[in-house]
Amino acid sequence: MAGWIAPLLLCILRFGQGLGLGGEWGGAALLAVEYAPPGWRARFGMVPQLGAPIGFIAANGLFLLIGATLSEADFAAWGWRIPFLASAILVGLGLWVRLKINETPEFTRALAQDPPVSIPIGELFRKHAAITFAGTFTVVACFAIFYLSTAFALAHGTTVLGYDRELFLLTQLAAILFLAMGIILAGIRADQQHANQVLTWGCTATIILGLIFGPALGAGSLWLVWAVLSFALFIMGFVYGPLGVWLPSLFPPRIRYTGVSVAFNLGGILGGALAPIAAQALNDTGGTALVGLYLTMAGIFSLAGLKIARRLIPG
C-alpha cells in the first residue's frame, strides 16, 4: 500500500548508511592504529574490518532464523521488520561509543604543531591527489570480491541456478567465516612483514581468482559454489584486512581522517557499487565466465594502485 514511498524510504536509509560508513570506518581504523602498541598496528587496524563478516553473519543469520520460525505470509507482513528494529540497539550503542571517544595522542600532537585544517578535503586534493587516487584504486578489489560473493552470488544462485534461498544463505554464512580468517591472518602477516607485501599477495590472488570464480559459480554443484565463495572471501581478507594500517600510512596526521575516508569510500563505489550491476550485464552477455573477469580486472586495478602508492611513498 505504500507505493513509491517504500522504495524512497529505503533509498534514504541507504543514503544515511553510506554517510555513517563513510565517516566512521576511517575514524575506527585511525583509532585502532594510533592507539596500537609498537609492532601491533596491523593487528589493531584489522579489527574494524571484522565488522563485515560479523555483520553479515548477524544480519543474514537473523533473517534465516525468522524465516525458519514464521510462515511466508507472516514474514512478508511483519517479520521482515524485526531485524530493522533490532538494529536500533546497535545504533544506540554506536552513538554512545562515538560520544565517549577522545582524539588520539598522535592527532593531538599534530594539532599542537599545526592549526587544524579548515577545509581538509581541499588540502587533500591540492597536495595529495595522486596518493589519494592510488589508495582508491587499491581498495577496489576488496569491494568487488565482497559484492560478487554476496549480493550477486545470492541473486544468481537463487534465480538462474535455482537453489533454495535459505540453503544458499547457509552456504554463504559458512563461506563468510573464511573472510574473518583471512582478515586475521593478513593482519598478523602485515605486522610480521609489511602491509604492502600482504596487499600485493591479495591483489595477485584476486587476478587468479577471477579466472576460476565464474566457471565454479555456474558449475551446478553447491559444494563447488561454497568452495569458490570460501576461497574468494579468504582472499578478500588479504586485500581488506591490511587496509586499516596501510591507508593511514599514506597521509599526514592533519588530513589523515579525510584522506583515509575518501580513498576507502571512492574505492568502495568503484569496486562495490557497480559490481552487481556490471556482473549481471556481463552474465547476460557471456555467462558467469565474464563475471569472473570483472574480478580479474579489479585485481589488476588494485595492484596498479598499490604499485603507484609505493612509488609515491617508498617504504
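The model is predicted. The secondary structure comes to 15 helices and zero strands. Mean pLDDT for the protein is 88, and 98% of the residues score at least 70.

**Confidence**

- Helix α11 (residues 222-240) has the highest confidence, with a mean of 96.
- Helix α6 (residues 105-113) has the lowest, with a mean of 75.
- Where pLDDT is low, the predicted coordinates should not be read in detail.

**Overall shape**

- The protein has 315 residues and a radius of gyration of 20 Å, which agrees with the value near 20 Å for a compact globule of that length.
- Along the principal axes, the C-alpha atoms fill a box of roughly 60 × 40 × 35 Å.
- Buried residues make up 42% of the 315 residues.
- Take the contacts between residues at least 6 apart in sequence: 81% of them join residues at least 24 apart.

**The nonpolar core**

- The largest nonpolar core has 75 residues.
- Leu148, Phe213, Tyr240, Leu243, Trp246 and Leu247 have the most contacts inside this core.
- Helix α8 gives the largest share of the core, 14 residues.

**Helix α3**

- Helix α3 runs over residues 51-69 and has 19 residues.
- From first C-alpha to last, helix α3 reaches 27 Å, close to the 27 Å expected at 1.5 Å a residue.
- The buried residues of α3 are Ala52, Pro53, Phe56, Asn60, Leu64 and Ile66.
- These buried residues pack against α4 (72-79), α5 (81-100), α8, α9 (165-192) and α11.
- An α-helix has 3.6 residues a turn, so residues three or four places apart point the same way.

**Serine 149**

- Serine 149 sits in helix α8 (residues 129-158).
- Its relative accessible area is 2%, so serine 149 is buried, the cut-off being under 20%.
- The side chain of serine 149 reaches the backbone oxygen of isoleucine 145 at 2.8 Å.
- Leaving out residues up to four places away in sequence, serine 149 touches Gln172, Phe213, Leu229, Ala232 and Leu233.

**Leucine 295**

- Leucine 295 belongs to helix α15 (residues 288-312).
- Leucine 295 has 0% relative accessibility, so it counts as buried.
- Beyond its neighbours within four places in sequence, leucine 295 is in contact with Ala144, Ile145 and Leu148, among others.
- Other contacts of leucine 295 include Thr206, Leu209, Gly210 and Phe213.
- Leucine 295 and isoleucine 277 are 18 residues apart in sequence. Their C-alpha atoms are 13 Å apart in space.

**Glycine 220**

- Glycine 220 lies in the loop between α10 (195-217) and α11.
- Its relative accessible area is 55%, so glycine 220 is exposed, the cut-off being over 50%.
- Glycine 220 and tyrosine 163 are 57 residues apart in sequence. In space they are 9.7 Å apart, C-alpha to C-alpha.

Methods. Residues are numbered from 1 along each chain as its sequence is written. This is a predicted model: local features need pLDDT of at least 70, side-chain atom pairs count only at pLDDT 80 or more; totals for chains, interfaces and linings use all residues. Side-chain values use heavy atoms; hydrogens and water are left out. pLDDT is the predictor's confidence in each residue, from 0 to 100. Helices (H or I, at least four residues) and strands (E, at least two) are DSSP runs, numbered from the N terminus. Buried means under 20% relative accessible area, exposed over 50%, partly exposed in between (1.4 Å probe, protein chains only). A polar contact is a pair of N or O atoms within 3.5 Å; within protein, one must be able to donate a hydrogen and the other to accept it, and residues adjacent in sequence count only if both atoms are side-chain atoms. Contact means heavy atoms within 4.5 Å. A nonpolar core is a set of buried Ala, Val, Leu, Ile, Met, Phe, Trp, Tyr and Cys residues joined through side-chain atoms within 4.5 Å. The expected span of a helix is 1.5 Å times one less than its number of residues. The radius of gyration is taken over C-alpha atoms; the globule rule is 2.2 Å times the number of residues to the power 0.38.
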